[in-house]
Each structure stands twice: as structure tokens, then as C-alpha cells.
Amino acid sequence: MQELKDKIFQAQSEGDIASLYVLEAQAHETFDEDTLMAYYANILDLALERLTNTLENMEKLDMNEVQDFATLRALYEYAIEHYSAGSATDASALFEVLGGISNDEAFSAAMSVHRAGCDAKIPFDDFIDEYVDMVATQEGGKFYISFFKKEISQ
């Protein structure tokens, strides 16, 4: 357990979100619920810091760069958490930012659909059931919902 804690501390001190995701399975096997919540809060804090730096420097995150990829994943999970908890307005704003800071056109397009779902006040479960092509998304191998069955009318 101490070895895992040392690896996590090292990754955190280096701002290495990707390594934290690599250690995720071990963390799930080792830590209690409260420690896991703190673990994910740390990932989110690092991602928000990278987001702030990206916005301040007017840069884009590169989906092919491992830390940028991990940052986008963490922020996407945060946005989905908001959406599924009923905070569609907050989720919409996060999806807008995510779509704007990524250099990946497919990701940005998917964020637009997520945002449209939030803006149309479609509950998250209905969004998943009615609009998401879950089979294609799972087969596509992306960390985000990437395939949709139909358009969201505004």
C-alpha cells in the first residue's frame, strides 16, 4: 500500500494526470471510499489547473498528447457528473469550454451534442436512452460519448 501511495504522491507532485489514471485500478482495489473520493478530487484539481493555464495561454489541448488527453478526460467526467446530477446549466458551460479547448474535431462535435442536450433540458438518462448510440460509442473506444442516434432539435 505504501508503494502505491508513493507512486500517487509522485504523480501528483509532477502534475501527471495520465499516471494517476494508470494507477486508478490499483487505487480502487486498495483504498476506501473516502480515500478514492480524495483521489479523484486530486485528478480534478490538476485538470482544472491545466485548464486554467490553457485558457490563460490561449492554447488548445492536443488529444494526441498524453497529459492533454488525461486532462480532457477528467474534465469530461466532471461535466458528465454535473449533467447526470441534474446541473444541466453547469454541464452545458463545461461542455462548451471542452469543445473549445480541444484540437480534436470529433471530440468538439460530440461536446456540441452534449451541450445541446443540456440546453434543451433533456434529462441525462433520456439523453443516454434516446440520443446516444451506446454500442457504437463502446466499439469506438473513446473515453467520451461519441456516437448519436439522432439530432437534438433546439
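The side chain of Ser-102 reaches the backbone nitrogen of Asp-104 at 3.0 Å. The model is predicted, so local features need pLDDT of at least 70 and side-chain atom pairs count only at pLDDT 80 or more, whereas totals for chains, interfaces and linings use all residues. Residues are numbered from 1 along each chain as its sequence is written, and side-chain values use heavy atoms, with hydrogens and water left out.

Ser-102 is located in the loop between H6 and H7. With 4% relative accessibility, Ser-102 counts as buried (under 20% relative accessible area, with a 1.4 Å probe and protein chains only). Beyond its neighbours within four places in sequence, Ser-102 is in contact with Lys-60, Leu-61, Met-63, Leu-72, Phe-107 and Ser-108, where contact means heavy atoms within 4.5 Å.

H6 and H7 meet at an angle of about 165°, and their axes are 8 Å apart. H6 is therefore roughly antiparallel to H7, a term for angles over 145 degrees.

Leu-72, a contact of Ser-102, is one of the buried residues of H5. Helix H5 comprises residues 66-84 and reaches 27 Å from its first C-alpha to its last, close to the 27 Å expected at 1.5 Å a residue. The cover over the buried residues of H5 includes helix H6 (88-101) and helix H7 (105-119), together with H2, H4 and H8. Just after H5, Gly-86 adopts a positive phi of about 95°.

Methods: Helix = DSSP H or I, 4+ residues; strand = E, 2+ residues; numbered from the N terminus. Expected span 1.5 Å × (residues − 1). Buried < 20%, exposed > 50% of the residue type's maximum accessible area, 1.4 Å probe, protein only. Polar contact = N/O pair within 3.5 Å; in protein donor to acceptor, adjacent residues only side chain to side chain. Axes fitted to C-alpha atoms, helices over the stretch in contact; angles between N-to-C directions. Parallel < 35°, antiparallel > 145°, perpendicular 65-115°, else oblique.
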